[in-house]
Amino acid sequence: MTTVSEKLLTRAEETGTPGPAEPPDRAVPLLSLRGVRIADGSDGREIVHGVSFELTPGKVVGIVGESGSGKTLTCRAALGILPPHFEVTGGSVEIEGTDISTLTPARWTALRGATISAVFQDPASYLNPSLRIGRQIAEVVRVKKGLGRRAARERVLALLRAVHLRDPELVHDQYPFELSGGMLQRVLIAAAIAADPRILVADEATTALDVTVQAEILDLLADLRERAGLALVVVSHDLAVVAQLCDEVLVMRRGEVVEQGPTRAVLDDPRHDYTRLLISEHEQYGLEKFLGRPGEES
Amino acid sequence: MTAGRPYLDGADDSTGTGVRPVLEVTGLDVHYGARRRRRKALHGVSLSVAPGETVGLIGETGSGKSTLARTVLGLVRPTAGSVVVDGEDVTAHSARQWRDLRRRGVIQYVFQDPLRSLDPDLTVEASLAEPLLVRGVARQEAAARVRAFLPRVRLSEELLGRLPGELSGGQRQRIAVARALVTEPRLVVLDEPVSALDSANRVQVLEILKDLRASGVALVFISHDLGSVAGVADRIAVLYRGELVEVGAARDVVGGPEHPYTRLLVGSAPTLRGAPADRSERAALRALLPA
């Protein structure tokens, strides 16, 4: 099987419309959450009351909700990185068919980066300020892929190119403080895909960015999905961000999934008041007010 | 007019009402730093706001939007150009003159973080009454006016005895809006007033602002997010790298943006119908803008 980065790195001259790289494998989903419940162990309070979804290759699932809705905890549970005190108290999470509650720390280490990977909101806090960019990504490549120094450098440059950084050679030798927020998020995405994961979790990955930069990062994620069949979990407080990228959407509020379904269906026929509120905010106050209705000339 | 600004609809008198503008910014330059380190935060910015008009001022990081807000509020002194508020040239005003102007309640402001506009040690009631008392309104009348104003920001009298720390973020921002508007100013500058709020509160504050327009106050609504301004603004002004690159009716700017940056901005905003531009259009627009 070809890997994410091989596909990214070899596609250069390809033309035509890229489709999903692999037919969805229905037998074993990449990631499967079934009725996941999460509680704060310090007082036993349940915070997330049952989340279920399935991710197959090339599929994009979106979770939308305010802060405190439980969307980030849900992601963290799937990544096996719940904060201290928090625990999964019901349901199950399976990665490629393996229940993560059976994983040893060593297996987790092997899985993270290589199968499931993530980018979060504040890219600067995930980079070491005193190390050059190239070295930080090379570390991932060398540990996870066992590449030597020279091969690692080539691969890092290829990854920086794959996330559309304008001058990969320059960025390679720069320190985090020398880069803008959008560039840092690209670097983080490059590091996240360095070990060829099949699943990428993007938790508010564009929230801190300017709208024009956000669009660049969303374009990049769409690109990774199309070219490499990467499956995505996209988490955002903004329904429009999720709508733009996702096949399926979960609307969360106060730990509860209040609505779930194919994105188009949820947008066209919202059932829950909260989903209606999110939609009407856009219709009344967003650009949608001045853009044509779907199907109309705008 | 410079070659870089071909998309202004006659910026200076575009209010088109023939009424004296409540804010008139002309040829504003703001430079920071000494000679070699000199940076132009604003360059040749001209904008006028008519009484009762809501102007959305859009700009991303480094656009100069906060500098413009600070200059209009007298917190930054411009290098060149002028600022006229309600007929009064305030460009060279001293700190005392500015204090006077604020005291008269001509111009008010609301920041993104309501804790910055509210004194943490004052109850809601004291906070709302203060600007009236400063203007010389009698205590009893001030209390009555505060109570009468509350419904307009959809707050109940029960909150009057609370401190800002005891309120939710949405309630606090509504108090900040009420505090700015209770003196019935001519002009309110709002810097990212809804950016820190969740959807329900955002919608509520936007509705309130929309309602308040009927009272004749002019609003300058500053935001990085075109989406949060488009629905309430009569006109939209787009700042890019310290220059105003496009000004026009909200409908026109969103529906038919002309400057490449505005086109990119509109084309980048995620909407429920996907982004207004596709990936290749955006890439083409980026190529038109300086790196």
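How many residues of chain A are in contact with residues of chain B? In this predicted model, local features need pLDDT of at least 70 and side-chain atom pairs count only at pLDDT 80 or more, whereas totals for chains, interfaces and linings use all residues. Residues are numbered from 1 along each chain as its sequence is written, and chains are lettered from A and ligands numbered from 1 in the order in which they are written.

Contact, defined by C-beta atoms that are placed from the backbone and lie within 7 Å, links 28 residues of chain A with 34 residues of chain B. On the chain A side, two or more residues come from each of helix H8 (211–228), helix H9 (239–245) and helix H11 (273–285), and H11(A) gives the most, with seven residues. Helices here are DSSP runs of H or I of at least four residues, and strands are runs of E of at least two, numbered from the N terminus. By class, this side of chain A has 15 nonpolar, six polar and seven charged residues, where Ala, Val, Leu, Ile, Met, Phe, Trp, Tyr, Cys and Pro count as nonpolar, Asp, Glu, Lys and Arg as charged, and the others, Gly among them, as polar.

Chain A has 11 helices and 10 strands, and among its contacts between residues at least 6 apart in sequence, 68% join residues at least 24 apart.

Chain B is assigned domain 1 (7–106 + 185–288) and domain 2 (118–184), with bounds from an automatic or database domain assignment. The centres of these domains of chain B, taken over C-alpha atoms, are separated by 27 Å.

Technical notes. Two residues are in contact if their C-beta atoms, placed from the backbone, lie within 7 Å.
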